[in-house]
Every structure is written in C-alpha cells, then in structure tokens.
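Me: I am new to this structure. Could you show me how to read its disulfides?

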Amino acid sequence: MATGKLQFFWSPLALLTLALALGQTIDQSLPFETVQNCTKKQYFDISRMICTPCGANQQTSRDGTSCLCLPGYKLISNTGGPSIKCKKCPAIYSVVTQDGWSCIRCPPGANIDNQGKCQCPTGYILVERQINGAPLTEARCEPCNTSNPIFSTPDPSAKQYVIIINILFLHINNANLYLKYKFNMFYYKYYGLKINGYVMTVKEYIGSKWPTVDVTEKVVDCIRCHETFIKTTKSCDCQSNILTGGLCFFAYPKTLTISVVTNIIYAKVDVKDPMHNFDEEKSSYPQCSGQYFAINVTKTDYLNLKVSSAWFASHLKASAIACWRFANLTACQALGNMCVMTMNSMNFAGQPNDACGLYRTIFKKTINLGITHSISSWRKTLPWLYYDSHIDGLPSRTLRREPFPTVFHFKSFQRMKLQFVIAKYDARGYFLNWEKVTGGTLQLCPDTMTKLNAAYIFGITYQQQCTLSVSKLLAKYGDIQFYDVYMLYKGKNGEDQLHPIAVRNLNLQLNGKFVNQDNTINNWYLTRRIFLVDTLTGREMNLNNQPKVIRVASDIKIRVTLEPNSLQGKILPPTLIVSYTNIRIQNPDQQSILVSFSVEYEMDLSTAYQNAEIALGFLCGLSAIYSMLKTASWKRRIGSQMTDISTILKFLLFYAGDLANAFFVVTFGTGFYWLTFFKGQRIVSVLLPTPSQEMFFTLCVVSAFALKLLQLLHKLGTQLTVDIFFIDWERPKGKIVKSIVGGGDIKTSPAPVSIWRTYFVANEWNKIQTIRKINPIFQIIVVLFFLEVVGFANLTSRTPYSNLKRTAESDVVPSSRILRFSVASSIWLMVGIIQVVFCTSIYERFVEDRISQFIDVCSISNISVMIFSHRCFGYYIHGRSVHGHADTNMEEMNLNLKREAENLCGQRGLIPNTETETFQVCITNKIREQYDKIRKPIHWSSESDRLLNPSDGSFERRIKAYNTTNKFLGSFIDHAIRDMDYIVQDKLLLERLFGMELHEPIDKSIFYNDENLTFTDVLYYGNESTLLIFDTLFFCIVDIAAENFILAAFLTYIQQKVIQFIRLAVGRKNLAAKTLVDERFLL
C-alpha cells in the first residue's frame, strides 16, 4: 500500500513540500470567493475556486466561469482550458459573429449589443453564414413570415438562425442523407448532429406546414467544427487520429490513448462496516476483481454483475485526453467525477486505465502546473480528489490540524451553527454554484425544514433515518451531482474562509483492500468529493435507458472533534464519513433502501478514561481489603480457622458485592459529571462520548449489575438458610390428670402450654421477611412521573440545551446512554433515599414501625427469637415477658400492659433495669455443637403432611428435640448451664464501623448490645441499600437496552415481584422447617 502511494505523488516537488511540512503546520484554508465576487476582468476558476484574471482583450462570460473576448475581438484559440486567445477584428469587419470565431459587418438597420455582436430588429432573424458554413461578409436580417399559413416568429431561445435559399438537394459525405428545400425563408430550432466526422446543426421547422410539397421538416446546417479537430487535422475529419467523445486527438504520443476500462463489475463480499452496524443479510462491501472495480451490492444481487457503462464509454477517454493535453477545466472535473463514481478506488499494481488511474497519471504528468492554495495534492486545473499521506501528512495529522479560530458556545438564545457550504458540479464537469447545506442538501430523507436544519446546530448530535423507494430515487435523481464540502468560518481578520472537509469513504479500495474500514487512523485514505445518488454509471448502451444498478449514499456521518486539552471552545476540522450501497434495479416500485444521516461530536477521552480507571482501581483495591475483612469475620463467625475452597469462594462473593458498589459509584459519578458539565457549560469544554466511546461506560454498568445480582443472590441464599428458633418462656399452669389405658391407673402431668402464641409470632416474622423501607409501586410511579410527565427524560438527548419539553428537533436528536443512566439513576436514587428518610424519620416514628412492633409482639407473647445467620453468630430478640406469663385472658393482659406503661413492673431488657431487647450473639463452638446435637433428630423437610403423618416415631423425636432445644436455649439465656455462659457488652467503635467482631468467644459467649436492630440483616428490611442499588441498575440496564423508561419501569416492577415471591415462598418453607411450625399456619 505504501509503495502505491509513492507511485501516485512522489516527486521532487513532493519531497520539498514534505520537508517544509515537517517543520510547520500547513494551513489548508482558502478564501471564500464566489462568481459574484469576480470583477468583469476576472473569471471564477472552477478548479482552484478563486477569481482569476482574464487574459488580454478579454472579459468574464455571462456565467462567470470562463472568459470571452472583448467586443470587437474574435477567438483564435479555445480548448476549454483556463485561457483563451483573442484577436482584434479589422475596422471593416468590426463585429464578431455569434459563435465568436469570425468577424463580420452588421447589416443596415441592425444594432450592436454590449457583446459587440449584431442584433436584428424585432421580427427579424440574423443570418451570418451560408448553408455550407462559409461566413458572409455582411450579415443579413431576414424577416419571419407571419402570414397565413406560415405564422412564424423568432424564437428567443434559438442559438442561431439560418436562411435556406434555393437549395434543392444536398448530399453529405456517404451518409446517404438527402434533404430537399424550397426557395423561401423559414425559422428552425437548434438540435445538433454529427455524421461521419462532419459537425452540423439540425434545425426543426417551427412554423406550419410548408405551402409546397416534397419539403422535409428537418434540414441540416453546417457549423464550425470543434477546436480539437482543427488543431489535430486542420479539418473536420479526424482521419487516423483518436476520435472519442466527439473530440479529435493526436494518436501520438500514445499516453492516455490506450483502451480504457468502461466496464463495472459489481460483486458482493462480506465485510462489516465499522461505522454502521449493517445487517449482514442485507448488505456487503466492495471488492476488486482484476482490472475492474467492484462495489457492494445487496444479497439479492447476483455475483459479478457486469455493467458496460454508456457514460464511461462516451466520456472517459475524451475527458482524460482533453484534461491532460488542453488543461480543459470541465474535462478535468468530468474525469474526477468518474473517479468518484468508482469510489476513488485505485490499484497501483494494475494498468492505470480506469478513471482513477487516468487521474493519477495526469496528476503526475502535470507537476509543472503547480499547486493550489499551498495544498500539495491539489493540482492546478485538476479537481482535488485525494489527501496523500506523503504530501499532506498522515491522516491523523490531516484530521488534527490547527483548530478553527471560532470560539463555540452553548447559549439557548443564540445557537451557533456549523456553516457547511458545497461546491456543486454536474457529471460533465460544469460548476453549478456554491450552496449552503441547510435545507436537506446532503440529506436524502425528507422532513420539515426545522428538523433538517437541526443537523447543523452546533453541539446537537443528529440522527435521521428513513426508508426510500427506489422508484422515487430514480425519478428525483436522474442527474447526478457532485459535492466538494467546505466549512465556512471567520478568519483571524474577520474574512470569510473555507476549510476543505476530508471524506472517509468506507467503500474506497486501495490495492484491493478496504483501507478506510480499518480501525487504525493512519491506514485511512482520505478523499474530497462525494455524491448522493448515482443513476448514471449503471446505464448500458444508451444514456436514456433505465440504469441496471444505482449507487446510493446510504450512510453519511459528519464527525466534529473538540480540540484536545483545551477549554477555549474550539474544534478541529470535521470529517465526513460516507458509505455507499448498490441496488440492482429489478422492480423499482417494490424495492427500497434504508438511508441515514447523522452528525456526531467527539472529544479526546483519554484523560477521562484514565481518571475513571484510577478511581475504579482505587475503589477496587479498597473493596478487596474490605472483602478480606468480611471474609475474616465470616471465618470467625462460623468458628473455622482453616482456609479452604469455601473460604476463597466466600471471598469472591463478598468481593463481587463490594466491587459492584465500586463500579456503581464510578458509573454514577461519571454520568453525573457528564450530565452536569455538558448541560451546564457555556464555552464548550466538554462533549458527550460517542456511542462507540460509551462502550466502556456501558460495560461498567453491565458489570455493576451482574456483580450486584450475584451479591443479591448471595444475600438471599444466606437469608433463606438461617437457623431460627422461637424460645417459649411460658410455663404450665397446674397439672392435668391422665388415666393409663388398660391399667386403670391415674397419672398427673403438667398442663400443656398453648402453641398459638408461637404460631402468632411465627406469622409476624413471616410477614416482615419482605417488608422494605420504600414502597416499590410508589417508587416506580414517582420516577415515571418525573421522567415522562415533568420531562426529565428530555435531558437525556444529545443536545447541550436543557429543555424539559420536547422540541421540534427532538425526533432527530438521539439520546445518550450516559445521560439516560445519569438521569434515571439520579431520580431513582433520589426518590428512594427520600422514601427511606421519610420512612425512618417520620412514618416509623409517628405512624407504624413494623420491626419494633414485632419486638413488642415477642415481649407480649413471652416468646424470644434466636437467629443463627452463621454457625457461631446470630441475633437474639429477648421477648421474655416482664409479667411472667402471657397465656392469659384479655382483662389480665390489659392490666399487665397498663402496669408496664405506668412503670409498675420491671423493664423488658435482658439485663435487669435495661431496655435493650436485641443483641448480636457470638457463641462458642461448644454451645453450637450441643445445639446441633439436640436438633439432629429434626428432619429438615418442611412438608407438613410428613409431620402430621409420622412413621417410626420420627414425629415424637422431633417434638422431643423441639422441647429439648427450647429448654436448652432458655437455660442458656438464664445462665443456668455452668460451662455455657455468656457476657453482655457493647461493641467497640471499630467493630461497629466494619461490622465485625475483634474478640473471639472461647470460654464464654458474647452478647453485643444491638440498638440498631441489625437482626434485620436476615430480612429485606436490613438490605435496603443493596435492593435499592440493584433496582436502580436493573431499571437502567433495561433502559439502556430498550431506550424506553416505561418498559424499564414495568420490567423492574415484575422483577421486584418475582424476587419477592421467591424470597417469601422459600423463606416460609425454611421458617416452617427450622421452627417446626406447620406451614399451613403461616398466612
């Protein structure tokens, strides 16, 4: 590839230019000049895009793109190049003919117009030549016949006029064309015809039928041959020279006179576009095949579809030779257009006989003409088609030149715009005009003017997409137009300047390789000229035929880059990225194509990435340390000193949760940063990451969600396997008498204690398993209200202008994933935190506190709760009644409550004269072993039918184990077991901060006072932060995928209900299994 580039541009001038370029930055800007800026002595050079002085005795033409001879001067040379030659007419023939090549006298009565040409009176036509083309010495003004039945009048659109006088027959060469005339004067309309090298003008009779018979309606008039015939053969016969495209050239030297490639082969290949995610089943990319150029076609097209282009056959060779030998400006532009039609692709290894190869050859051979605007790859007389890395610098340098001096800002009352202008050319190389791109010039999709022009409001990321009918494209784009795109800006002195916009054509091939699809910027090959729809190249045989294939710019993207490491609001030169798709015409009314147009803004995010990685690395390190501490605490709580696989697994689970928090903090902080600074800035210093740049952020969000899900499952697994037991302090009241069956003896036994209190407490525990500090339904409704009703969702659009209401351009401005995450997570967290604060500070204090109520229920029911979340660690709720018993009637119950309210009895605390009823418990291994030994007979199945229908005495063993456990734990709490005692103390500050115990129970268990009710850690209630962050991430993940807040809210609600149902169902079974409470009594 590099060798090819050397072949294209390497030259002594290039070496000198490159040497100079290494020492300084080349400014590629040029002054903005139009045809209207040129004076009468200047013409607009369509190649150099500047006003250029005309030669001596010349003035500008009517369209301003060429020069004409002054009045009284005739042409002596005009090959279509940048200069012509004129000669003054003699005094006796002071007037110039209409074609400008001859001098003549005006007839009496005729006037001389401002061009120095004869002008007949009204109703007369001007006759300057005889029928054989010989000029008259004096022109004549002949009247048109207005009488019946002729009714003729001069046609103001006619290019010249003729009078046919007394010619009966005319034989032209060997064309066997015989025309019969009658002596009279008639007016004819200009056509144009060439027969066997003779150039003639065909005139169509305009008036009514001739009054005599045997007179044809079409006649032929001789005109001047093209200048190439005259220069080559001094005649109108090209003879043995090269006749192509209606032009005549010398056969020698043979450079550019060899056969040229006019066939196009359309082949399909499977190459994925890095700019746009095309469906591989619908599109593919170009491929070079031999000497022909091939371009992407849809999957419905046939492989190796060969098109013999009628346009290339007629104009390629003629344009190339005229461009090289005569520096014909329109021919050079036409040649450049044909190169653009073939996607600017080149193959340096092959023969340079295709359009781009011919352009490359002329570029090398016209080095003596010099360069334009100090741009080394812009040759005078030639269109600028390529940037070359050996001359203009590597693409990275081309795209990152000096920024525009304009300071861009975001002010809602004065929105700045990107002022793009285009130089328009038709297929024949004629310059049409300068045109601003507003109004949908570059956009194929129709839309309102407001939405179309929104693409060029600075800072607004724009995205437009639609499906177009092929039949409409054929009807609208019958004529192809080519665009050179520039950006208009004010120079340092306030003058209008143009900066050329580099084009990255994804379909361009260099030596058979799609270099512009490479992710490496310095491998790109940048170009200048584009088109939107090509319906011309694919026409075969005749240009009036329907094209066999059309090529459409299916994806156009303008990329604007902020100047790196600057806070001055300046941008680098934008880049235009284009991708073309070919459509084989089969049934135009049924065929369609998806096209898109977008404008995106980007900035160098290396510093932002580095800062995010530093923050993430720091937090991950802290998370690892914290997870190690939690793992060490877990090892102490399970009474194990060994490090095994389970320890490593537990560390990873802890680390996953802490790592999820780290990712969430970084992503939330990053999103909030972009939201605040992008929406709040005035002078531009920050731009949103592009969708491709957002991938890192999206991966962080996905990682946070995945890790948080793992943490949630871990916590649910812990909650659903806790050991829980209800200690009943109630003692029997009296004894009952039982008679022994068959023996007649009477036996007394303690009266049974009612189980209903235990069932009641178990039901209350079951109810609080999934209560939360927030109301999920209220949370979702309020979040949707702020997003969709208030309009915070509109803040997620890629526009720097904050607006809570939808605007006219909202439909074409996509949203940002980062902003969507930031807005959604901020509102979700804000509403959730407000609910938590309201719940803990107001609702639970003045309305209802479900957790405290459960503790009160335990105390009233004379039931204590022992919970083991770990083997040697758990929680204890002291529910022993201060009244001694709770199984009583209503009157005594109310009396007990009254005495307690009036402080006429002891306090509820475990320690006398204290009110602390909740504790964290660290027990010794000895107690745990005894506990497991007692409960060993209990089968862990919770199926109530097996409990009610026992076999082999298993039910009696479980009941016995239950009673023994109740007695054992009661004795342990009462300090009634000598070798199994405990102490009560407060946790140290460090222990409370890290949620761990520094003292390991060896001889005595330790009860830590727990005023924070941490036993809720085995409930939903104590894990609100985990649930809130998980819901936030779930909501954001769904929205990132679907970009729909309503769908995200609905799925979040479903997710909450599903997890809550699983937690409640499995938790109920675990409760029934561990407490031996029949599951059917758990409501």
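Reply: Start with one link. The bond of Cys445 and Cys466 is left-handed, with -95° about the S-S bond. Cys445 sits in the loop between strand E27 (431-436) and helix H9 (449-453), and Cys466 in strand E28 (residues 462-469), so the pair ties together parts that are 21 residues apart in sequence. Helices (H or I, at least four residues) and strands (E, at least two) are DSSP runs, numbered from the N terminus.

Me: What kind of model is this, and from where are residues numbered?

Reply: This is a predicted model: local features need pLDDT of at least 70, side-chain atom pairs count only at pLDDT 80 or more, and totals for chains, interfaces and linings use all residues. Residues are numbered from 1 along each chain as its sequence is written, and side-chain values use heavy atoms, with hydrogens and water left out.

Me: What is a disulfide?

Reply: A disulfide is a covalent bond between the sulfur atoms of two cysteines. The rule used here is a pair of cysteine sulfur atoms within 2.5 Å. Cys445 and Cys466 meet it, at 2.0 Å from S to S.

Me: By this rule, how many disulfides does the count come to?

Reply: The count comes to ten disulfides.

Me: How do I read whether Cys445 and Cys466 are buried or exposed?

Reply: Look at relative accessible area: buried means under 20%, exposed over 50%, partly exposed in between (1.4 Å probe, protein chains only). Cys445 has 4% relative accessibility, so Cys445 counts as buried. Cys466 is buried too, at 17%.

Me: Which cysteine forms a disulfide with Cys89?

Reply: Cys103 does, and the two sulfur atoms are 1.9 Å apart. This pair links distant parts of the chain, 14 residues apart. Cys89 is in the loop between strand E7 (85-88) and strand E8 (95-96), while Cys103 is in strand E9 (residues 103-104). The link is left-handed, with -80° about the S-S bond.

Me: Why do Cys89 and Cys103 count as buried?

Reply: Cys89 counts as buried because its relative accessibility is 6%. Cys103 is buried because its relative accessible area is 17%.

Me: Is the link of Cys323 and Cys332 left-handed or right-handed?

Reply: Right-handed, with 100° about the S-S bond. The S to S distance for Cys323 and Cys332 is 2.0 Å. Both Cys323 and Cys332 are buried.

Me: What about Cys858 and Cys1036: buried or exposed?

Reply: Cys858 is buried, at 0% relative accessibility. Cys1036 is buried as well, with a relative accessible area of 1%.
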